[in-house]
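User: I would like to go through this model with you. Could you take my questions as they come?

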Amino acid sequence: MPQICFTRESTDRKEMYFAEMQRRKDSLSSTALNEIGESCSSSSADFVSIYQSLPHYLMSCLDYCAIVHRGRYGSPLTKAYMARLLSAEDLTPEKEGELIENLANNVIDELIHLGLLIETHTTVSYTFDYGPNIGFNESYVNLCVVEVDEVEFLAEAANLPVRAIIHHHRNNIPPDFKTLQIRSLFLNASGPGFSRAYLETICRLQYLLVLSLDGGLGEGLPDEVGDLFHLRYLRSKFFLKDELPQTLGNLQNLQTLDIIAHRKLKELPLQVFNIQQLRHINIRTGYPSTSSGIRVPSGIGTLKSLLTLGEVYAGGVIASELSSLTQLQQLSVGCVSEDNSTQLFAAITKMENLVSLSLKADEFYSLNSSVLDLESFSPPSSIKHLRLYGALVEMPAWLASMENLTVLHLSFSNLLEPPAPTLQFLPKLKALHIDSAYNVRCIGKEFCDLGGFPKLEILTFHGEDTLVEWTEIGRGAFLSLRNLEFWFCPNLRFLPEGLQNISSLQVLILCDTHIDLKRRLLGEESYKIKHISNVSIS
């Protein structure tokens with residue numbers, strides 16, 4: 001059923017509350033139907049028909065996705081993120097022997113197949129979540145929600161699960177939830193963030209399954225967070241304290257712990273290992289490019305349901321503990337060095353279900369960086385998304401045999417030779433991100449041979465300070481390339497001859513490149529880019 005929605009707005013904040021409509025109303029006005037029809041080639045009746053004919057579980061999942069989308073104000077939603085939320089809300093039908101995340105992903109795929117959600121591959125992304133982003137046909141966002149006033153909402157939603165999105169602009173006085181049964185709560189605060197009194201109020205919401213805190217937590221999470229017994233998903237952004245509360249161990253139903261923290265946070269509390277239902281631990285400290293990982297005490301190997309672990313410090317006991325976590329699907333490790341890599345790589349090799357792996361050399365962003373010596377490493381062939389941060393002795397030979405690899409990030413690799421000989425004939429590679437990794441002045445035709453990178457859709461260069469020109473692209477190269485992006489390449493003056501022959505190219509982004517490049521592309525070399533529908537030069 002569609003969602004009824006009540007909005008309360010003031011100079012200090014905006015509150016939106018949603019609940020499932022219990023009786024189908026003739027609330028889709030002719031104006032709304034016309035707007036739906038005008039946005040797409042299908043008729044208005046077709047759009048309404050598709051939505052109203054959905055099974056209840058698909059309609060509920062689509063409605064929930066629309067609510068989360070509204071709260072993000074255009075920020076991308078990863079498929080993995082939405083799958084975890086749908087799982088926490090228990091909106092997908094159970095199937096014996098199937099992981100709940102797989103069931104949620106199947107639901108999302110079905111909504112994509114129906115055209116109700118749109119799958120897009122991310123370009124530059126520093127999230128740990130593996131996989132593509134999902135977007136919305138805005139017509140369906142409007143179709144899913146019916147606005148009502150406060151009185152009607154309180155009457156209709158008196159005994160129903162309610163989802164709430166609250167954006168604070170200045171003060172953060174706790175909202176009055178009255179008697180509403182809040183199941184999902186997405187909080188965003190600018191300025192001072194959330195006070196302890198505010199968070200203690202939130203911790204009294206006994207029906208809460210999903211809690212997302214996007215704002216400063218200078219006083220950290222209160223001990224009372226352990227009272228949210230039913231909580232399954234906890235996310236906290238801008239966590240500023242040096243420790244997490246030990247009472248997290250009381251959250252026996254918690255599935256996802258997602259913390260973006262200041263570097264003060266060094267260690268995961270031992271009590272977290274009491275949560276045997278825990279499936280996803282995602283803790284990032286500092287900036288994504290400099291995070292060294294959080295230290296993990298002995299015992300994490302007992303979490304047999306754990307699927308996601310990151311970002312963890314490579315030293316200490318983690319390598320021996322990882323040997324017990326062969327079920328992991330996503331792993332991110334920081335501070336990899338010669339001292340810990342042998343045991344670490346041996347443990348990772350056993351992870352036959354691993355689809356996403358991130359490895360960061362110790363101090364990879366500095367002159368004191370350790371070298372990522374990967375020649376002795378034999379990663380699982382199941383990996384689809386790989387991030388390598390740190391100097392490489394050379395491109396590891398095993399990369400050429402990674403037949404399932406779809407996304408590759410190379411950062412601070414200090415490459416002097418093009419990576420193409422190793423990478424360009426990977427059959428499924430869709431996105432290649434080169435970030436301060438390719439230390440050359442000129443890219444030549446050899447970067448991509450005839451038929452090279454057959455499935456590559458996104459190619460991104462970021463922070464390539466020495467790069468001045470790309471001379472040529474031969475015919476028959478980059479047959480699927482859709483996005484070509486250069487970010488913070490201040491000396492780049494020349495784009496390649498042959499760029500005009502890549503008919504699939506839809507997006508070209510040039511951000512902070514040399515001013516001569518813009519002048520040339522808007523003048524005598526405009527023929528290289530005139531076929532590209534979306535060109536951004538800034």
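Analyst: The conversation below goes from the whole chain to single residues.

User: What should I know about the model and the numbering before we start?

Analyst: This is a predicted model, in which local features need pLDDT of at least 70 and side-chain atom pairs count only at pLDDT 80 or more, while totals for chains, interfaces and linings use all residues. Residues are numbered from 1 along each chain as its sequence is written, and side-chain values use heavy atoms, with hydrogens and water left out.

User: How many helices and strands does the protein chain have?

Analyst: There are 12 helices and 26 strands in the protein chain.

User: What share of the contacts comes from residues 24 or more positions apart?

Analyst: Among contacts in the protein chain with a separation of 6 or more, 59% are between residues 24 or more positions apart. Contact means heavy atoms within 4.5 Å.

User: Which residues have the most contacts inside the largest nonpolar core?

Analyst: They are Leu185, Leu309 and Phe478, in a core of 126 residues. A nonpolar core is a set of buried Ala, Val, Leu, Ile, Met, Phe, Trp, Tyr and Cys residues joined through side-chain atoms within 4.5 Å.

User: Why does this core lie between domain 2 and domain 3?

Analyst: Domain 2 (293-391) and domain 3 (412-537) both give residues to this core, so it lies between them. The domain bounds come from an automatic or database domain assignment. Apart from this core lies another, of 36 residues, among them Leu58, Ala66, Ala83 and Leu116.

User: Turning to helices, at what angle do α3 and α5 pack?

Analyst: Helix α3 (residues 56-72) and helix α5 (residues 100-113) pack at about 85°, with their axes 10 Å apart. That makes α3 roughly perpendicular to α5, a term for angles of 65 to 115 degrees. On the α3 side the contact is made by Tyr57, Leu58, Cys61 and Leu62, and on the α5 side by Val107, Glu110 and Leu111. These residues divide into 6 nonpolar, no polar and 1 charged.

User: Where is Leu405, and what does it touch?

Analyst: Leu405 lies in the loop between β18 (391-392) and β19 (407-411), and is buried with a relative accessible area of 0%. Not counting residues up to four places away in sequence, Leu405 touches Ile383, Lys384, His385, Leu386, Leu399, Leu426, Lys428 and Leu429.

User: What about backbone geometry: which peptide bond is cis?

Analyst: The bond from Gly310 to Glu311 is cis, with omega near -15°. Glu311 is found in strand β13 (residues 308-313).

User: What is phi for Lys178 and for Phe453?

Analyst: Phi of Lys178 is near 50°, a positive value in a residue other than glycine, and phi of Phe453 is also near 50°. Lys178 is partly exposed at 46% relative accessible area, whereas Phe453 is buried at 2%. Lys178 is in the loop between β7 (161-168) and β8 (181-189); Phe453 is in the loop between β21 (442-443) and β22 (458-462).

Notes: Axes are lines fitted to C-alpha atoms, for helices over the stretch in contact, and angles run from 0 to 180 degrees between N-to-C directions. Helices (H or I, at least four residues) and strands (E, at least two) are DSSP runs, numbered from the N terminus. Angles under 35 degrees count as roughly parallel, over 145 as roughly antiparallel, 65 to 115 as roughly perpendicular and the rest as oblique. Ala, Val, Leu, Ile, Met, Phe, Trp, Tyr, Cys and Pro count as nonpolar, Asp, Glu, Lys and Arg as charged, and the others, Gly among them, as polar. Buried means under 20% relative accessible area, exposed over 50%, partly exposed in between (1.4 Å probe, protein chains only).
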